[in-house]
Amino acid sequence: MTAETAPPTPITIITGFLGSGKTTLILNLIPQLRATNPSYRLALLKNEFGDVAVDSQLASSNAIAGVQELLNGCICCNLVGQLSVALSELRDSVKPDRIVVETSGSAFPATLALEVNRLARETGGAYVLDGVVSVIDVENWKGYEDTSYTARLQARYTDLIVFNKWEGCDERRFDECLDRLGDLELDTPWVKSDKGWVDMDVVFGVDGGLARELTEEHVHHDHGHDHQSEVEVLSVEIKGKGGVDMAKLGTLLKSAPREEVYRIKAVLTAAGPVKNSDEDSAVAQSEGGRYILNWAFGRWTFTALGDNVKEHESSSDAALRMTMILARYESTKWKKKLEAGGFLGLADGEGEVVVTKIA
């Protein structure tokens, strides 16, 4: 069956600022889809500013049918030209029922929506844009909404807003989020998640009307802002054999200020017990186990990299490969802190910590 005669593959764009819970939302959709249709194939196209494929490996361990990850840039700017190839590879190799595009935390979704619509026309209807979903972290949005132009644009150019991480906040904090959306003069449908869970029929099947109404001129006007300058990114590697000193790493995870450090993502070999931020006891592990680390706003989780997951080449030969996404003007200070050795190292005291700033 050719692209011209096959039904179009629906594409859902999921966006939201750093640490808002986009990947959790996606992973919670998979069991719902499988319950309805055990053979349902959901593919993921993931974009990150950093150079380590962390979230795609997390997704691969959770029954995602296929994953492509675009690293070292922004999918709505310098990587937009790679979108066509990545979508085509997923469509040909996985034959998915749907493709979810998860943007980096600083991406501008309207540009991406226009590109998907263009590809749909150029491929004779191989794709159809189902809609744009924006995830808002209620607990932290007030802080980054005030400083991030992009966070406001992500909320503006969307078909559905998912309010996440509201459970630990009082009603006043949630009302403040609604008020700020009102300031943006939005009339967008919204829903509260249940700890990152939203009914699949709410997330999928939005009419995508907003995306169809966008024009190149409209998007170019707002996208003229250099949103990539809102964050700075460090790439970190521990060179050497053995496991990571978990006590040192724990100090970093507990002490990183949320106003300076937005996200920490890593793949690592643990030399000792690993412990999530909300657990009293250590996560069960085998000595020398490989783990995925996700840290956002002072909370973190370790997920075992299962035997059935082929590790991405970006991390496979290192004791630790980490991406740190920082507030503006913070990278020089944090590069020195990490190189000093108090936060990162191998358990045997050997190994070299190499920190590189990614433009």
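Modeller: Happy to! One definition to begin: helices (H or I, at least four residues) and strands (E, at least two) are DSSP runs, numbered from the N terminus. This is a predicted model, where local features need pLDDT of at least 70 and side-chain atom pairs count only at pLDDT 80 or more, while totals for chains, interfaces and linings use all residues. Residues are numbered from 1 along each chain as its sequence is written, and side-chain values use heavy atoms, with hydrogens and water left out.

Colleague: Got it. Where is lysine 165?

Modeller: Lysine 165 sits in the loop that runs between strand 6 (160-164) and helix 7 (171-183). Its phi is positive, about 55°, although lysine 165 is not a glycine. Most residues other than glycine have a negative phi.

Colleague: And is lysine 165 buried or exposed, or partly exposed?

Modeller: Lysine 165 counts as partly exposed, because its relative accessibility is 22%. Here buried means under 20% relative accessible area, exposed over 50%, and partly exposed in between (1.4 Å probe, protein chains only).

Colleague: What about the phi of lysine 95?

Modeller: That one is positive too, near 50°, in a residue other than glycine. Lysine 95 belongs to the loop between helix 3 and strand 4 (98-102). With 60% relative accessibility, lysine 95 counts as exposed.

Colleague: New topic! At what angle do helix 3 and helix 4 pack?

Modeller: Helix 3 (residues 83-94) and helix 4 (residues 109-122) pack at about 60°, and their axes are 11 Å apart. Axes are lines fitted to C-alpha atoms, for helices over the stretch in contact, and angles run from 0 to 180 degrees between N-to-C directions. The two helices are therefore oblique to each other. Under 35 degrees would be roughly parallel, over 145 roughly antiparallel, 65 to 115 roughly perpendicular, and the rest is oblique.

Colleague: Which residues meet there?

Modeller: From helix 3, Leu83, Ser84 and Leu87 meet Leu112, Glu115, Val116 and Leu119 of helix 4. Contact means heavy atoms within 4.5 Å.

Colleague: Why does glutamate 115 count as buried?

Modeller: Glutamate 115 counts as buried because its relative accessibility is 13%.

Colleague: Last one: what does tryptophan 190 touch?

Modeller: Leaving out residues up to four places away in sequence, tryptophan 190 touches Leu160, Ile161, Phe163, Phe174 and Leu178. Tryptophan 190 is in strand 7 (residues 190-192).
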